Amino acid sequence: MDMKKKIFTQIRLKRIAAFAIDAVIVSILLSIVYRITGFANFPVVLTKMIEIQKTMSEAASQEATVQVMALFNEAFLQSLFIWFCYDVLTTLILRGSTIGKMIFRLKLTHINNKKGKLAYGLLVIVRSFFKFLSMFLFQGIPFLISVISIFANPNSLAAHDRLARLLVVNKNDVTSLE
């Protein structure tokens, strides 16, 4: 394997590992938010699902299932909002990295690296918005599509990276955005 392919493969694997770390952190944040506010109430969704399975007739079950799906969508949307805030805030505060990306020495930068701070901040928000909007609309399928697209193109770009014209690179390979 030539050096360029090896570097891109390393970045791809680091991105997936960074995502996993960020997912664990967001899960902890969700747990804390749930304990404090009661929002992102997946325990209630689970309890209602178990109740449906145990006690309801077919007709009543359909109505209860619709109610449970509404509760699930509300909790899922709240979870995505918390993840969106985590993604945007950590990326802006840590100058291009979430905590997961920081651990793996990855950084989000503009493709041509010539945009100012304000433009970069707006692009980070746009990137995160499209990432989480697609996750809400398609219920997790975009993650699989992103992983496939990261491996399918030479620059390791996910769809939300392309929309915002941003690129994830090794921190050593990018000049500071300051």
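1. Both faces of strand E1 are covered: Leu106, Leu108 and His110 on one side, and Lys107 and Thr109 on the other, are all buried (buried means under 20% relative accessible area, exposed over 50%, and partly exposed in between, with a 1.4 Å probe and protein chains only). E1 spans residues 106-110, and five of its five residues are buried. As a reminder, side chains in a regular strand alternate between the two faces of the sheet. Helices here are DSSP runs of H or I with at least four residues, strands are runs of E with at least two, and both are numbered from the N terminus.

2. A word on what we are looking at: this is a predicted model, in which local features need pLDDT of at least 70, side-chain atom pairs count only at pLDDT 80 or more, and totals for chains, interfaces and linings use all residues. Residues are numbered from 1 along each chain as its sequence is written, and side-chain values use heavy atoms, with hydrogens and water left out.

3. Where does E1 find its partner? E1 pairs with strand E2 (residues 166-170) in the antiparallel sense, over five bridges; two strands pair if DSSP finds at least two bridges between them. Within E2, Leu166 is the bridge partner of His110.

4. For the chain as a whole, there are seven helices and two strands, following the pattern α-α-α-α-β-α-α-α-β along the sequence. Of the 178 residues, 37% count as buried. Among contacts (heavy atoms within 4.5 Å) between residues at least 6 apart in sequence, 74% join residues at least 24 apart.

5. Do look at the aromatic side chains, as the structure holds five aromatic pairs. Rings of Phe, Tyr and Trp (its six-membered ring) pair if their centres lie within 6.5 Å; planes under 30 degrees apart count as stacked, over 60 as edge-to-face and the rest as tilted. One of the pairs is Phe84 with Phe132, edge-to-face at 6.4 Å centre to centre and 90° between the planes. Phe84 lies in helix H3 (residues 58-93) and Phe132 in helix H5 (residues 117-138), so this pair ties together parts that are 48 residues apart in sequence.

6. Ser128 is buried, with a relative accessible area of 1%. Leaving aside residues up to four places away in sequence, Ser128 touches Phe84, Asp87 and Val88.

7. Phe129 and Phe130 form another edge-to-face pair, at 5.7 Å centre to centre and 75° between the planes. Phe129 is partly exposed at 44% relative accessible area, and Phe130 likewise counts as partly exposed, at 36%.

8. Which residues make the nonpolar surface patch? Val126, Phe129, Phe130, Leu133, Leu137, Phe138, Ile141, Ile145 and Leu163 do, over about 840 Å². Patches are made of residues with over 30% relative accessible area and no salt bridge, like charges being joined within 9 Å and nonpolar side chains (Val, Leu, Ile, Met, Phe, Trp, Tyr) within 5 Å; a salt bridge is a side-chain nitrogen of Lys or Arg within 4 Å of a carboxyl oxygen of Asp or Glu. H5 gives the largest share, six residues, and the elements that give two or more are H5 and helix H6 (141-152).

9. Finally, the accessible surface of the protein chain comes to about 10,800 Å², of which 69% belongs to carbon and sulfur atoms. Accessible areas come from the Shrake-Rupley method with a 1.4 Å probe, and for residues only the protein chains shown count as cover.
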